[in-house]
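Student: Could you take a close look with me at one part of this model, the place where the ligand sits? I would like to go through it slowly.

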Amino acid sequence: MQKKDPPILITRPTLPPVEEYESLVRDIFASGYLTNGGAQHARLEAALAEKLSAPYLRLFTNGHLALECAISAFGFDGGEIITTPFTFISTTHAISRCGLTPVFCDVEPNYFTIDPAKIEEKITPRTRAILPVHVYGNPCDMDAIGAIAKKHNLPVLYDAAHAFGVTVRGRAVAEFGDASMFSFHATKCYNTIEGGAVICKDTAFAERLNGYKNFGYHPDEEIREVGGNAKMNEFQAAMGLLNLKYFEQNIEKRAAVSARYHKNLSGIDGLSFRPVPEGVQQNYAYLPVSFDPAVFGASRDVVFETLKSFGIIARKYFYPLSSEAACYKGAYSPEDTPVAFTASRRVLTLPMYPDLALSDVDDICEIVASCQR
Ligand code: T4K
């Protein structure tokens, strides 16, 4: 097989027809309003609140700042937040940058989401909240997490960066917990170029989010929070409005790509896909495949390098674990979360985006299968 040129990347952003974007850009130019809550922003906030069944939805300039603002809006005065290390480093940094200590709970072995059976042993008098991650768009066991949170009177903030459009038994993921953060980054299955949102159920919380993303200002001119600037601008919102129009269509294309991977790679010893929990409507955001080197005969890293030699750029999401990051050196023992540790060594996320040609999926799968010893 010839080396792919241009290379196949892990993802490509979904883009609407450029003429449609141009038309909205003209509207923005005509309005003279570029940011600070213009017409496109208002339209997108309303459209997304409806799409995600959200009582309150606030837009942000990116997912990371959305998460920081959400943590701030709880008003904790220090303490610990229980989360997992098998995530993008943003989750961990958001907790730390808000002046709290991340406490890592292991993930469960099927979905790599927080293991509810291990949460309670992490709860201390300093615990302020639980921050689980719907990693790869796999929803956490939200019933179990909700029961633990209720028993210990702890709020739950979900990092739903990967879970836009995912439903559980017909309910949007953000209907669970106290608040959820979504990322609309260019690499996500729904994008606003950069962007994010927080969904919450409480009007006072939503007002504090407004404050944290806009220097603490409120319409009554009172500056209540020590806020920053995390506002989404009009060009981002316009992109979001158009991408929303094409979202379902893109999910269907992703589903076809995912089905092709499953068809080609199912049944290979030592190679496994993530199962889909019952009642879950996926968004096919990522295509994580796990390699057990003892059975498959080659490590994840060998598969990664082999693909790379053919111009196929897979990613090791999520390696290293957050607990291994140099900036947290000495604070954690990554081996304390053995399931997450093993996952970080075995999982490779393969290219996944709506316009990935099925013939390219076949080539990727052929190379992956050829690594088996
Ligand atoms: N929580 C979780 C669990 C998250 O995964 C994330 C972000 C966040 C919080 C924070 O949300 P944001 O603040 O980002 O909204 C990417 C994304 O930048 C990041 O959004 C995402 N998670 C993370 C999992 O992946 P990188 O460093 O892998 O991105 P990069 O630039 O290497 O892009 C990946 C590939 O996509 C490249 O091979 C090229 C392609 N690409 C990328 C961009 C930006 C394009 O083709 N076009 C593009 O415009 O982090």
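Predicted model: local features only at pLDDT ≥ 70, side-chain atom pairs only at ≥ 80, totals over all residues.

Student: How many Å is an oxygen atom of the ligand from an N or O atom in the side chain of His185?

Tutor: The side chain of His185 has an N or O atom 3.4 Å from an oxygen atom of the ligand. Two further side chains can be described in the same way. For Arg315, an N or O atom of the side chain is 2.8 Å from an oxygen atom of the ligand. For Tyr317, the distance between a side-chain N or O atom and a ligand oxygen atom is 2.5 Å. How much of the ligand does the protein cover? On its own, the ligand exposes 930 Å², and the protein buries 76% of that area.

Most peptide bonds are trans. The bond from Tyr317 to Phe318, however, is cis, with omega near 10°. Phe318 lies in the loop between helix 10 (300-309) and helix 11 (338-346). There is another cis bond to find in the model: the one from Asp5 to Pro6, where omega is near 5°. Pro6 belongs to the segment before helix 1.

While we are on backbone angles, find Phe215 too. Most residues other than glycine have a negative phi. Phe215 is not a glycine, yet its phi is positive, at about 60°. You will see Phe215 in the loop between helix 6 (203-213) and helix 7.

Two packed helices are described by the angle between their axes and the distance between the axes. For helix 1 (residues 18-31) and helix 7 (residues 234-245), the angle is about 145° and the axes are 10 Å apart. Their crossing is right-handed. On the helix 1 side, the contact involves Glu20, Tyr21, Leu24, Val25, Ile28 and Phe29; these meet Glu234, Phe235, Ala238, Met239, Leu242 and Lys245 of helix 7. Sorted by kind, the contact residues of the two helices are 9 nonpolar and 3 charged, with no polar ones.

Methods: Residues numbered from 1 in each chain as written. Heavy atoms only, no water. Axes fitted to C-alpha atoms, helices over the stretch in contact; angles between N-to-C directions. Helix = DSSP H or I, 4+ residues; strand = E, 2+ residues; numbered from the N terminus. Left-handed = near helix turned anticlockwise from the far one by under 90°. Contact = heavy atoms within 4.5 Å. Nonpolar A, V, L, I, M, F, W, Y, C, P; charged D, E, K, R; others polar. Polar contact = N/O pair within 3.5 Å; in protein donor to acceptor, adjacent residues only side chain to side chain. Areas by Shrake-Rupley, 256 points an atom, 1.4 Å probe, with all protein chains shown as cover.
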